[in-house]
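Biologist: Could you walk me through this model, one question at a time?

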Amino acid sequence: MAQTTVFMLGATGYIGGSVLDQLVKKHPEFIYTALVRNPKDNKAIEALNVKVAQGSHSDLDLIEKVASESDIVFNCGDADDLPLTEAILKGLRTRSTGGDRTDKRKPILIHTSGTGVVAHSPGDSGDRLYDDLKVEDIRSIGPNQMHRNVDLKIFEAGDAGSIDTYIIAPSVIFGRGHGPVRNISKGFIQAAIQEKQAFEISTATTIVWDSVHLDDVVDLYLLILEQSLKPTPIQSAYERFYWGSSASFTFDAFTKGVAIRLHKRGLLTTDEVKVKSLEEVPWLEAVTKNSRTVANRGLKTLGWKPRGGSVIDGLDEEIDLTLSQHATGYIGGSVLDRLLKTHSEFVYTALVRSPRDNKAIEALNVKVAQGSHPDLDLIEKVASESGIVFDCADCNDVPLTEVSLFWLDEKNHSKVMHNPVYLLQRTVVVTHASGDPSNRLYNDLNVEDIRGINPNQPHRNVDLKIFEANDTGSIDTYIIAPAVIFGAGHGPVHNITAVPKVFAQMALQGKQSSQLGSATIVWDSVHLDDVVELYILVLEQSLKPTSIQSAYDRFYCSSSASFAWDALAREIAIRQ
């Protein structure tokens, strides 16, 4: 019998990458091909012994061809792209009649939809609980619901008899991924951090959705795969539809949980939740509607046993993952990658929270200090043994900064480079305490500009602590303050940034790009490669014998070109 061939769409993503990771472990005997858009991701995919088909979802001829050569197709890439789905189905129909087949098993499609398909306003349908074990519940879903046009096309193909189709519709997914490229999905938490306050829709305080841990979703995919490989009697395609939902939650409890936790970490100005109108954030329309499901088909017919609880249970882990910006993060990982090439003679240690990342860090010949930012004793110890400290992790954590500075002071004349992720320069239309309007341009070569920044501005309490430590004379401190960073990272773990990604994700979720008010706000931006270059230049400067100077002379803004947020929103709309 010929080897089973598998085609994966979404292999570089949060869901698809995690499914692929487990698939290759469960079935190493299969032959895998993955659609990969960015050539930079090829190496990570090929490391799993997976062949790359270079292309995007718009390369329909390529997708049809690879599907026609595949026994099983997983679409974890897009729940709403009808032309993409039609190309997959066309290829699988060709496969079903192909002359090179050595068995009579139908080709299989396992497609990813979502519980948004049953999102309804409260009252009537909005309070209804949809049970996937009841075929009439699934058949009754309206044709104009989210994802439904694609789902109906797949049901039609499944009932035609030449393809065995399966649909998995996960609810709100949380938890760390295990894929080769992208391992977090944190849009809402990132948005709250950006605005310095959590927010919700005025009509959404009692909205109920379901949630599920990513590990449980992956288990469901594998159970359905095993079911699909068994000889089974012909059944309706609607009996091959599975909710991926575990525990329900209300959005007001979720947003309040986010607010309390982020405020406690100093990332929000208040733990109160701001109420916005739908007109202000149209991408959040989905959370004005209930989406209530019960996953009885997986639970009762496949023995699925979700264990991850609700998204609120996992909020602390979610926030930790979102804030993971150290050696495994976007900036820190890229700086570390370049440092190792520039100064291979240095001895490196990296703070690593998750043991899952140890292998990637150790592969760089970097020693792992296992812990997180609250592990202050560990951080003190490692800092006391270090000549140079790079803090690319958290620009708002005063205790973290204080222990690093204390032990560097004990070591005497060590160097600490601290990275506030961005400096509030020209942010929102407000007036600073000094009376200067917020369209003021700050020049880091003008010490008075840097001294004049209000102490209540974001990151400023940490910056002031570092300035103070430097001016005592025992530590050479340097602060790099990047603007909005874009571009692919080069680190060992996380290689995508937050801000442009969040706006793109919001647009995809809401099916429309959005902005706040007139959005004529101007910020600066900088490519990650340029930020890394600045880090290296500052390091080289720090290693030279220099005359004593004020800490304010060691503050560097890392900004290149300015942009307006409304222009960003328009460009996202055009490209998507």
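**A walk through the predicted model**

Modeller: Let's start with Val-281, which sits in the loop between strand 13 (274-276) and strand 14 (293-294); helices (H or I, at least four residues) and strands (E, at least two) are DSSP runs, numbered from the N terminus. Before we go on, this is a predicted model, where local features need pLDDT of at least 70 and side-chain atom pairs count only at pLDDT 80 or more, while totals for chains, interfaces and linings use all residues. Residues are numbered from 1 along each chain as its sequence is written, and side-chain values use heavy atoms, with hydrogens and water left out.

Biologist: Is Val-281 buried or exposed?

Modeller: Buried means under 20% relative accessible area, exposed over 50%, and partly exposed in between (1.4 Å probe, protein chains only). Val-281 has 3% relative accessibility, so it counts as buried.

Biologist: How far apart in space are Val-281 and Glu-200, C-alpha to C-alpha?

Modeller: Along the sequence, Val-281 and Glu-200 are 81 residues apart. In space, C-alpha to C-alpha, the value is 9.3 Å.

Biologist: Zooming out, how many helices and strands are there in the protein, and what percentage of its residues count as buried?

Modeller: The protein has 20 helices and 23 strands. Of its 576 residues, the part that counts as buried is 54%.

Biologist: What share of the contacts with a separation of 6 or more comes from residues 24 or more positions apart?

Modeller: Contact here means heavy atoms within 4.5 Å. Among contacts in the protein with a separation of 6 or more, residues 24 or more positions apart account for 78%.

Biologist: On to helix packing: how do helix 1 and helix 8 lie, oblique or roughly parallel?

Modeller: The axes of helix 1 (residues 14-26) and helix 8 (residues 214-228) come within 10 Å and cross at roughly 55 degrees. Axes are lines fitted to C-alpha atoms, for helices over the stretch in contact, and angles run from 0 to 180 degrees between N-to-C directions. Angles under 35 degrees count as roughly parallel, over 145 as roughly antiparallel, 65 to 115 as roughly perpendicular and the rest as oblique. That makes helix 1, relative to helix 8, oblique.

Biologist: Which classes do the residues of that contact of helix 1 with helix 8 divide into?

Modeller: On the helix 1 side, the contact includes Tyr-14, Ile-15 and Lys-26, and on the helix 8 side Leu-214, Tyr-221 and Glu-226 are among the residues. Ala, Val, Leu, Ile, Met, Phe, Trp, Tyr, Cys and Pro count as nonpolar, Asp, Glu, Lys and Arg as charged, and the others, Gly among them, as polar. The contact divides into 9 nonpolar, 2 polar and 2 charged.

Biologist: Tyr-221 also turns up in an aromatic pair; how many residues apart in sequence are the parts that this pair ties together?

Modeller: There are 13 aromatic pairs in the structure, where rings of Phe, Tyr and Trp (its six-membered ring) pair if their centres lie within 6.5 Å, and planes under 30 degrees apart count as stacked, over 60 as edge-to-face and the rest as tilted. Phe-74 and Tyr-221 form a tilted one, at 6.5 Å centre to centre with 40 degrees between the planes. Phe-74 lies in strand 4 (residues 72-75) and Tyr-221 in helix 8, so the parts tied together are apart in sequence by 147 residues.

Biologist: How do helix 12 and helix 19 lie, oblique or roughly perpendicular?

Modeller: Helix 12 (residues 330-342) and helix 19 (residues 528-542) have axes 10 Å apart and pack at an angle of about 55 degrees. That makes helix 12, relative to helix 19, oblique.

Biologist: And how many charged residues are in the contact of helix 12 with helix 19?

Modeller: Helix 12 brings residues including Arg-338, and helix 19 brings Glu-533 and Glu-540, among others. By class there are 9 nonpolar and 2 polar residues, and the charged ones number 3.

Biologist: What about helix 4 and helix 6, oblique or roughly parallel?

Modeller: The axes of helix 4 (residues 82-96) and helix 6 (residues 148-160) come within 10 Å, crossing at roughly 15 degrees. That makes helix 4, relative to helix 6, roughly parallel.

Biologist: Last one: where is Asn-49, with its positive phi?

Modeller: Most residues other than glycine have a negative phi. Asn-49 is not a glycine, yet its phi is positive, about 65 degrees. At 66% relative accessibility, Asn-49 counts as exposed. Its place is in the loop between helix 2 (42-46) and strand 3 (51-54).
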